[in-house]
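Good morning, colleagues. I would ask you to keep the sequence and the model in view while I speak.

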Amino acid sequence: MIRTFVCEKEGCSGNRFFLESEEDKLHLICAYCKSKYDIDVSTQDFTMLPNCSNCNNDTFKIFRDIENKSIYAKCSKCGSVPERIYIDSDGVQVSYEAKLLNDIKQIMNLVEQRIYNLEVNVKDLERGQSMLEQSLAYINRYLVEKD
């Protein structure tokens with residue numbers, strides 16, 4: 001469930017905030033009363049910049065997904081999202097496309113490793129089957145010679 005974040009200071013109830021990003025924290029500052037709220041954003045792979053990606057406005061409406069603890073921001077003027085800086089696994093600032101490509105590359109490497117493991121398992125099964133067939137042939141020969 002997504003809810004609008006509203007200032008909790010008594011007598012305020014503002015729903016527009018300025019953004020300040022600091023490592024794993026997002027500071028929300030109420031545009032009306034200047035109350036400050038800190039939100040943990042360590043699970044996100046990007047940093048929000050304090051201005052709109054479309055109109056350069058600096059106040060946002062904030063929405064919080066209660067179930068998965070995500071934060072969404074929407075420009076109070078045009079409805080666009082704030083500008084974002086994406087960080088890759090090495091901590092380097094990259095474009096969204098470069099980050100997406102790197103994520104896809106990591107997934108492909110993981111899939112390649114799993115395919116290799118499956119191939120090894122199939123070869124082991126083939127060797128086991130061959131050994132079993134030889135053992136059955138020896139047993140069969142022994143039974144035939146015994147009669």
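Where does D24 lie? D24 is in the loop between β2 and β3. Before I go on, please note that this is a predicted model.

Strand β2 covers residues 17-22 and strand β3 covers residues 25-30, and they pair in the antiparallel sense over 6 bridges. Within this pairing, E20 stands opposite H27 in β3. Together β2 and β3 form a hairpin with 2 residues between them, and in the turn E23 has a positive phi of about 45 degrees.

D24 also belongs to a patch of negative charge on the surface, where it gathers with E20, E22, E23, D38 and D40. Two or more residues of this negative patch come from each of β2 and β4 (36-40). D24 itself counts as partly exposed, because its relative accessibility is 44%, between the limits of 20% and 50%.

I turn now to backbone angles in other loops. Most residues other than glycine have a negative phi. K34, however, is not a glycine and has a positive phi of about 70 degrees; its place is in the loop between β3 and β4. N56, again not a glycine, has a positive phi of about 65 degrees, and lies in the loop between β5 (46-52) and β6 (60-65).

Next, helix α1, which spans residues 96-146. How many salt bridges are counted? The count comes to 3.

One of them joins D103 and K99, with the closest N and O atoms 2.6 Å apart. These two residues are 4 apart in helix α1, so about one helical turn separates them. D103 is partly exposed at 26% relative accessibility, whereas K99 is buried at 8%.

Another salt bridge is made by the side chains of D124 and R127, at 2.9 Å from N to O. Both residues lie in helix α1, 3 residues apart, about one turn of the helix. D124 is partly exposed, with a relative accessible area of 38%, and R127 is exposed at 54%.

R141 forms a salt bridge with E145, the closest N and O atoms being 3.3 Å apart. Here both partners are exposed.

Finally, which residues form the nonpolar patch on the surface? They are L132, L136, I139, Y142 and L143, with about 530 Å² of accessible area together. Of these, L136 is found in helix α1, and L136 counts as exposed because its relative accessible area is 51%, the cut-off being over 50%. Thank you for your attention.

Technical notes:
Residues are numbered from 1 along each chain as its sequence is written. This is a predicted model: local features need pLDDT of at least 70, side-chain atom pairs count only at pLDDT 80 or more; totals for chains, interfaces and linings use all residues. Side-chain values use heavy atoms; hydrogens and water are left out. Two strands pair if DSSP finds at least two bridges between them. Patches are made of residues with over 30% relative accessible area and no salt bridge: like charges are joined within 9 Å, nonpolar side chains (Val, Leu, Ile, Met, Phe, Trp, Tyr) within 5 Å. Accessible areas come from the Shrake-Rupley method with a 1.4 Å probe; for residues, only the protein chains shown count as cover. A salt bridge is a side-chain nitrogen of Lys or Arg within 4 Å of a carboxyl oxygen of Asp or Glu. Lys and Arg count as positive and Asp and Glu as negative; His and the chain ends are not counted. The place of a charge is taken as NZ of Lys, CZ of Arg, CG of Asp or CD of Glu. Buried means under 20% relative accessible area, exposed over 50%, partly exposed in between (1.4 Å probe, protein chains only).
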